[in-house]
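Subject: Structure handover

Hello,

Here is the structure I said I would pass on. My notes on it follow below.

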Amino acid sequence: MPVQGTPDQFVGILRETVVSLVRRDGPDLSARQLGVFLTVYLGEGPHTVRGLAAQLNVSKPAITRALDRLGELDFARRKTDPKDRRSVLVQRTVRGAALLREMHIIMAEAASAAEEVMPDQASAMTSAPLQAVRAG
């Protein structure tokens, strides 16, 4: 099912989601860590460090650093691939699944709030800062 909205509305929803994640009790994730996390949880597995690096177009050491942090937070774990002991599989965790559910709720609330604002007001609220960025 396609998502309805304008790019400005999507940016507003993203902003509200990130702000809510920052304000909540719990650890913050960098953009790279969040990108790796979402790729692991929303993409079909199995995931490997090499595969994530290729998919996100970043280096394997960058993926490893992001996975180190996700592992510290118990949002993902690494396991040696029993079929190829040189390869490392990235696995989801219960705590990571809980974070993803929390993100779904936060985004749904942000999207609902964006729908409640009149379309003209929503566009004016989000496009003014974007126009300033485009002009700058």
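This is a predicted model, and the mean pLDDT of the protein chain is 85, with 83% of its residues at 70 or more. Confidence is highest in helix H4 (residues 60-72), at a mean of 97, and lowest in helix H6 (residues 119-135), at 47. Over residues 120-128 the pLDDT is below 50, and this stretch has nine contacts in the model beyond near neighbours in sequence. Residues 130-136 also stay under 50, and for them the model has two contacts beyond four places in sequence. Where pLDDT is low, the predicted coordinates should not be read in detail.

Overall layout

The protein chain has six helices and three strands. Read along the sequence, their order is α-α-β-α-α-β-β-α-α. Of the 136 residues, 32% are buried. Among contacts with a separation of 6 or more, 56% are between residues 24 or more positions apart. The chain exposes about 9,200 Å², and carbon and sulfur atoms supply 56% of that area.

The strand pair

Strand S2 (residues 76-81) and strand S3 (residues 84-92) pair in the antiparallel sense, over six bridges. A hairpin of two residues joins S2 to S3. As one example of the pairing, Lys-79 has Leu-89 in S3 as its bridge partner.

A surface patch

Leu-14, Val-18 and Val-22 form a nonpolar patch on the surface, and together they have about 250 Å² of accessible area. Val-18 belongs to helix H1 (residues 7-23). With a relative accessible area of 37%, Val-18 is partly exposed.

Backbone details in the loops

- Gly-45 and Pro-46 are joined by a cis peptide bond, with omega at about 0 degrees. Pro-46 is in the loop between helix H2 (31-42) and strand S1 (47-48).
- Asn-57 is not a glycine, yet has a positive phi of about 60 degrees. Asn-57 is located in the loop between helix H3 (49-56) and H4. Its relative accessible area is 72%, so Asn-57 counts as exposed.
- Asp-74 is another residue other than glycine with a positive phi, near 60 degrees. The loop between H4 and S2 holds Asp-74. Is Asp-74 exposed or only partly exposed? At 33% relative accessibility, Asp-74 is partly exposed.

Regards

Methods:
Residues numbered from 1 in each chain as written. Predicted model: local features only at pLDDT ≥ 70, side-chain atom pairs only at ≥ 80, totals over all residues. Heavy atoms only, no water. Helix = DSSP H or I, 4+ residues; strand = E, 2+ residues; numbered from the N terminus. Buried < 20%, exposed > 50% of the residue type's maximum accessible area, 1.4 Å probe, protein only. Contact = heavy atoms within 4.5 Å. Areas by Shrake-Rupley, 256 points an atom, 1.4 Å probe, with all protein chains shown as cover. pLDDT = per-residue confidence, 0-100. Patch = residues over 30% accessible without salt bridge, like charges linked within 9 Å, V, L, I, M, F, W, Y side chains within 5 Å. Salt bridge = Lys/Arg side-chain N within 4 Å of Asp/Glu carboxyl O. Pairing = 2+ DSSP bridges.
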